[in-house]
Amino acid sequence: MTVVDPETQTGQTGWVTEAEERSGDVDDAEEMPLSLRLSIADTLTLGNATCGFMAVYFTTTGILIPHLTGSQETGMARHSAATAVILMLCAAIFDLFDGLVARKLRSSPMGAELDNLSDLISFGLAPAYFVLVYGMVADDAHQRVAAVGAIVVLLAVVLRLARFSCVTPTNGMFQGMPSPFGALTVVSIVLLELPFVATLLAIVGTAWLMVSRVEYPKPRGPLAVAMLSWIVLAMGLLAAWAFDAPGGQLLLQTGCALQLVMGAVIPLFATARRVNNFRDNRREARAAQP
């Protein structure tokens, strides 16, 4: 066995002597490991996490606490609910742009881990907590059953993010409903104010879609622009509802219903595209045969 003296092998092993440290020969890049430097994309990802946490904050202070203290101020609850959902929409914007920025510029080695942890807060914890509070404040809701629904949503996002870390998407498709889309669908179901049983079944169905193998296209190019436009429109609908604008309730319910329809219809387009590609490949294979 060969023993290497670190004092005589400084250049080979990366050890730094006191003389070099005093003389300032050590580069700043060596003092801070690459894995500890945040990129622009990472900053956007942290904005995602911040929005998710603040959504939980507004759900608690504006909806849950007034309900527990017996406050009859419905306007405050409406404003807080709208603010919480708008913050989840902002988190979705951050999540959309951090991927685009990471592809255009660069991301740190922490990027993927930061993205998963932030998504867990904004699209797992925040919507699940929204469902839980709904079960506590709605007149026809059952608190314990709603808590089970909230846990199902949270676990679905956890499983989805874990699977996403292990499986590489192919052909520009996600397996299962993306967690930002799933979170917005869950809160849309709650805001529709359907009967409790229908609300719970729709929430569980959305959770199943997130962990299923149903294919959803990645938001790139025109689809990313369409998604961003839809998010901005949803913010406007929520603002109109929060400030009790004429027709605001109807506009909000229409937007929530469209969110549910898109969640069900988008996989059909992906499936149709896959079937068409399969048919084209079969035609090319037949044409290539002698």
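Guide: This is a predicted model. Start with helix α4, residues 40–68, and helix α6, residues 111–137. Their axes lie 9 Å apart and pack at an angle of about 15°.

Visitor: Why are α4 and α6 called roughly parallel to each other?

Guide: Angles under 35 degrees count as roughly parallel. The α4 and α6 angle is about 15°. α4 and α6 are therefore roughly parallel to each other. Their crossing is left-handed.

Visitor: What kinds of residues make up the contact of α4 with α6?

Guide: The contact has 18 nonpolar residues, nine polar and three charged.

Visitor: How do you know that the reach of α4 is close to the one expected?

Guide: Count its residues: α4 has 29. At 1.5 Å a residue, 42 Å is expected. From first C-alpha to last, α4 reaches 41 Å, which is close to that.

Visitor: Where is the kink in α4 centred?

Guide: On T60, with a kink of about 35°. Just after α4 comes G70, which takes a positive phi of about 80°.

Visitor: What makes α7 and α9 roughly parallel to each other?

Guide: Helix α7 covers residues 143–166, and helix α9 covers residues 196–211. Their axes cross at roughly 10° and come within 8 Å. The cut-off for roughly parallel is under 35 degrees. So α7 and α9 are roughly parallel to each other. The crossing of α7 past α9 is left-handed.

Visitor: Which residues does UniProt list for "transmembrane region"?

Guide: The unreviewed entry lists several spans, among them 81–100 and 223–243. In the model, residues 81–100 are 100% helix, and their end C-alpha atoms lie 29 Å apart. Residues 223–243 are 95% helix and 0% strand, with end C-alpha atoms 30 Å apart.

Terms used:
Residues numbered from 1 in each chain as written. Predicted model: local features only at pLDDT ≥ 70, side-chain atom pairs only at ≥ 80, totals over all residues. Heavy atoms only, no water. UniProt positions renumbered as here; feature names shortened; annotations may be inferred. Helix = DSSP H or I, 4+ residues; strand = E, 2+ residues; numbered from the N terminus. Axes fitted to C-alpha atoms, helices over the stretch in contact; angles between N-to-C directions. Parallel < 35°, antiparallel > 145°, perpendicular 65-115°, else oblique. Left-handed = near helix turned anticlockwise from the far one by under 90°. Nonpolar A, V, L, I, M, F, W, Y, C, P; charged D, E, K, R; others polar. Expected span 1.5 Å × (residues − 1). Bend = angle between axes of the 7 residues up to and from the residue.
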